Amino acid sequence: MFVLLLSIAAYAQTGKISGTVSDKKTGETLIGVTVKIKGTTKGVSTDVDGHYTLQAMANGKYTLEFSYLGYQTKEVSDVDVKAPAVTSLNVILNEAGGQNLQEVVVKASFKQESVNSLYAQQKNSIRISDGISAQTITRSPDKNTGEVLKRVSGTSIQDNKFVVIRGLGDRYNTTLMNNAVLPSSEADKKAFSFDVVPSNLIDNIIISKTATPDLPGDFAGGAVQISTKDFPEQKVMNLQVGSGFNTKTTFKDFLQGSRGGTDFLGFDDGSRALPSSYVKVKNNYTNSSVVSDEQRSAISQSFANTFGVFHNFKAAPTYNAQFTLGNTKVINEDSKFGYMFSVNYRNSLEILTRQRNDYNTNGESLYQFNDNIYQSGNSSGALLNLSYAYKANKFSLKNFFSNSFSNNYTDRRGQFNESGDITNLKSSQTDVTQNGLFNTVLDGQHLLERSKISIDYNLSFGLTYKNQPDQRIIEQIQRPNVADKRYYVTITSINNPAIQNAGRVYSTLNENIYGGKFNISKPYKLFGETNKVKAGYLTSYRDRTFNIDALGYTTSNGLSKSIFIDNGTTTENIFAPSNLKNNEIILSTIPDNSFSYNGVGFLNAGYLQTENKFANNWRLIIGARVENYKQELTPTGNSDKKKQTYVNTDILPSANLTYALTEKSNLRLSASRTVARPEFRELASFLYYDFVTDFTVRGNPNLERTLITNVDARYELFPGAGQIFSVSAFYKKFSNAIEQTNGGNKDLNYANAKSAYDFGAEIEFRKRLDFIESDSFWKNFTFYANAAFIKSKVNIAQGNSNRPLQGQSPYLINGGLQYEVNDGDFIVNILYNRIGQRLVFVGVQGGLDTYEKPRDQIDLQLSKKLIKNRAEIKLNVADILAQRQALYYNYDTKPVYNEASDKIVQSTLPGRNISLSFNYKF
């Protein structure tokens, strides 16, 4: 027993050497490279990802030898192992230039090779792209992927969750997780809500800004590729807990509507569902020959009376927890098994104050509202990745689940001008929303070692859902110029139901996306250089079910009436069953707002591309992708609308040329054709009332897809390890660009702009400040910044033709300063973000252009390692300036906000978020 304990103790004091081996010119990982410890027989081979791990290494310095057929052998010295840590060493190999060069042994130190491999990774992407690593993510105050993405060059986030790349809105981007396309998380548009993905489950994020044939063709801004972790380098068992404070919320009075028994878990318990008595007859509810007036009255009284405030309490601090477990088990020298498991939970409360105003084309006030918004939310998620590698083969099953739940109550007070008569208003909205995403991917990778043919494939399933049960709206008004000063609720006639006065909306969205893809590539020699041809096929089937029931409270006798709020009638009891019966009030279906549909999207795509190296420093990726897409939208329920079918086939060529100017710099050129397709909601011609904006949103069945021509150029320089300087320029031409338009009369629609163009420039740099004085404390500082400047113009038949694209920002700025000592023992990180004015809604037919006003955001993080580096404590201060988020009507010819002429229509004041987290590694 004593000997066994000594053996276990000795093994516990051993470390590992782990890393990847790549081709210097292409950056591709090399499979089957022999890795040996010089002077011993101990060695391993790289797996299908080009990864290797040397186990059970005693403390000390080693020399490693890397050998591979057709490549120069490399020896790396001074590889220092300090148990129980993992020593990371990534290596690059040069192809042998001739028969004799295969015998040459290239020598490098550990430090030199670490720097060289980093250059290779940064330089050798086949596309113009930007990314962010897991290490960078951990050193920012970002809780979810949405917040992370705004740190990437040329990228910002809209509504705290939707990505904007190069100033282009979310419709021009696509999202992949673990190489599988994710479905849209939104009912109304093509968008993915990145706030559902916790940041610390991410291995890396790459945003490809130029197209290649092996990427989906439906993007123009960028393709966001998220990879979650699979093979941990060492055993992982972490527990992270945290709590946060919001300066406008915590310990303040908090109002909330009704609750369900399982709200705290993030799931609706069914108590908010439509009554079964209504569901049974809803397709014939308005048909008096089928459903009598007495039946409608009884059904209306069966709806739960849940208007008003049910809970009033002091807001507690936010809290969160995450547990992560993972490991890699080396079965023998040729095979290994890895797993990663994580669960997380977060609960938060937030109070926002918002001013909502509206004006006519002459700048005269139509209404002025003040909102207090009480947002209660929680989110939970889980990740389970299983991977097995055997020689040149790898199989993975990656699963991700995320669920978010919010219960929001909005209290609105203000005035509106109705034909010169000032009217006071009190209204409220209670809105419960449950969003979720499940994504599972089974993939395989294989290398046929004799022929060097590489094969990879995957099967994927994605599910998104959005459930909004029982959104309740009630409006009370008061006329100061009449004798009766009481507030009252207007109950319209049965022929004219209106959600805005008093109503309820129930909606559910479920979308399944089934996918599969197959890629095959083979290297070949041409003019003494190793080139590669690659081909593949992708299929994707989307199946969406959307149901919405919009109901308004009306009288049953055909005459409108006013119900006064007095000592006997309150917001909480006005729609109680007894009052409904006594006042002859029933719920009526609003047909134009109750349009359910099934949507199907079927994509088949194939591509062929070649990767060619010539004249030593030149590299060309050229090919084409063919996509056939069929989209069907079928109305369901009692609808007189017809089935809509759209079929398109697009040939999408692309070329990416890279010239390696020096060992540390590249010049890149790219040209491509891509596409952006309308979403189901944008094609569905039904109305939806948006309480926040006081607008009605409708779809347009005549929308056409957008075709985009893209041209890009970039110069990039890598002056030191982890440092970069790059300058990019791009041009995009849009045919039939899809935009959301404000047609006046509070009506939002969708339309195609005949044509548009977009051009701009990006600059990025990251530099250590040791050049100021190498041996002083300046060596601990790193400064980084990126910025994009964009100009766009739209050619449209109606409206302002000298305006930017909808969603387009003229500039984006990100920056930061990091101070780090003792290899991450103590870190201070200050981050800055700003976006230029962004066109939110396009004004047409008398409507006004609506812009988002720029705001500055500064975030701070301090982190300190404790307990022999097993623990880490982080202090985050997010949005230190807490500037207002504002939208404004643009009245002059210049989109930049002009206080003298433009009018603020929406202004939201957030609070500062201060949080403290503690992470412990067992």
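Select Y285 to begin. Its relative accessibility is 1%, under the 20% cut-off, so Y285 counts as buried. Keep in mind that this is a predicted model.

**Stop 1: the rings around Y278**

Y278 and Y285 make an edge-to-face aromatic pair. Their centres lie 5.1 Å apart, with 65° between the planes.

Now show F303. Y278 pairs with F303 too, again edge-to-face. Here the figures are 5.9 Å centre to centre and 65° between the planes. How many residues apart are Y278 and F303? They are 25 residues apart, and the pair links distant parts of the chain. Y278 belongs to helix α5, while F303 sits in the loop between α6 and β19 (311-314). F303 counts as buried, at 3% relative accessibility.

**Stop 2: helix α6**

Select residues 293-301, which form helix α6. Which residues of α6 are buried? They are R296, S297, I299 and S300. Turn the view to look down the axis of α6. The buried residues fall within an arc of 165°, so they line one face of the helix. Next, colour what covers them. The cover includes α5 (276-279), α7 (577-582) and β30 (585-589).

**Stop 3: S18 in strand β1**

Jump to residues 15-23, strand β1, and pick S18. Is S18 buried or exposed? S18 is buried, with a relative accessible area of 0%. Show its side chain together with that of H51. A polar contact of 3.0 Å joins the two side chains. Then display what else touches S18. Beyond neighbours within four places in sequence, its contacts include Y52, T53, V86, T87, S88, L89 and E233.

**Stop 4**

Select F438, F461, Y514, Y541 and F602 together. These five form one aromatic cluster. In total, the count comes to 33 aromatic pairs.

Zoom to Y487: the charged end of K426 sits over its ring, 4.4 Å from the centre. Then go to Y629. R677 lies over the face of Y629, at 4.8 Å from the ring centre.

**Stop 5**

Most residues other than glycine have a negative phi. The next two residues have positive values.

Select K868, in the loop between β45 (856-866) and β46 (871-878). Its phi is near 55°. K868 counts as exposed, at 83% relative accessibility.

Move on to A882, in the loop between β46 and β47 (885-889). The phi of A882 is near 50°. Is A882 buried or exposed? A882 counts as buried, at 9% relative accessibility.

**Last stop: the whole chain**

Zoom out and switch to a cartoon view. The secondary structure comes to 8 helices and 49 strands. Of the 922 residues, 54% count as buried. Now switch to a surface view. The chain exposes about 38,800 Å², and carbon and sulfur atoms supply 54% of that area.

Finally, consider the contacts between residues at least 6 apart in sequence. Of these, 71% join residues at least 24 apart. To end where the tour began, return to Y278 and F303, whose pair links distant parts of the chain.

Conventions:
Residues are numbered from 1 along each chain as its sequence is written. This is a predicted model: local features need pLDDT of at least 70, side-chain atom pairs count only at pLDDT 80 or more; totals for chains, interfaces and linings use all residues. Side-chain values use heavy atoms; hydrogens and water are left out. Buried means under 20% relative accessible area, exposed over 50%, partly exposed in between (1.4 Å probe, protein chains only). Helices (H or I, at least four residues) and strands (E, at least two) are DSSP runs, numbered from the N terminus. The arc is that of the directions from the helix axis to the C-beta atoms. Contact means heavy atoms within 4.5 Å. Accessible areas come from the Shrake-Rupley method with a 1.4 Å probe; for residues, only the protein chains shown count as cover. A polar contact is a pair of N or O atoms within 3.5 Å; within protein, one must be able to donate a hydrogen and the other to accept it, and residues adjacent in sequence count only if both atoms are side-chain atoms. Rings of Phe, Tyr and Trp (its six-membered ring) pair if their centres lie within 6.5 Å; planes under 30 degrees apart count as stacked, over 60 as edge-to-face and the rest as tilted. A charge sits over a ring if NZ of Lys or CZ of Arg is within 6 Å of the ring centre and within 35 degrees of the ring normal.
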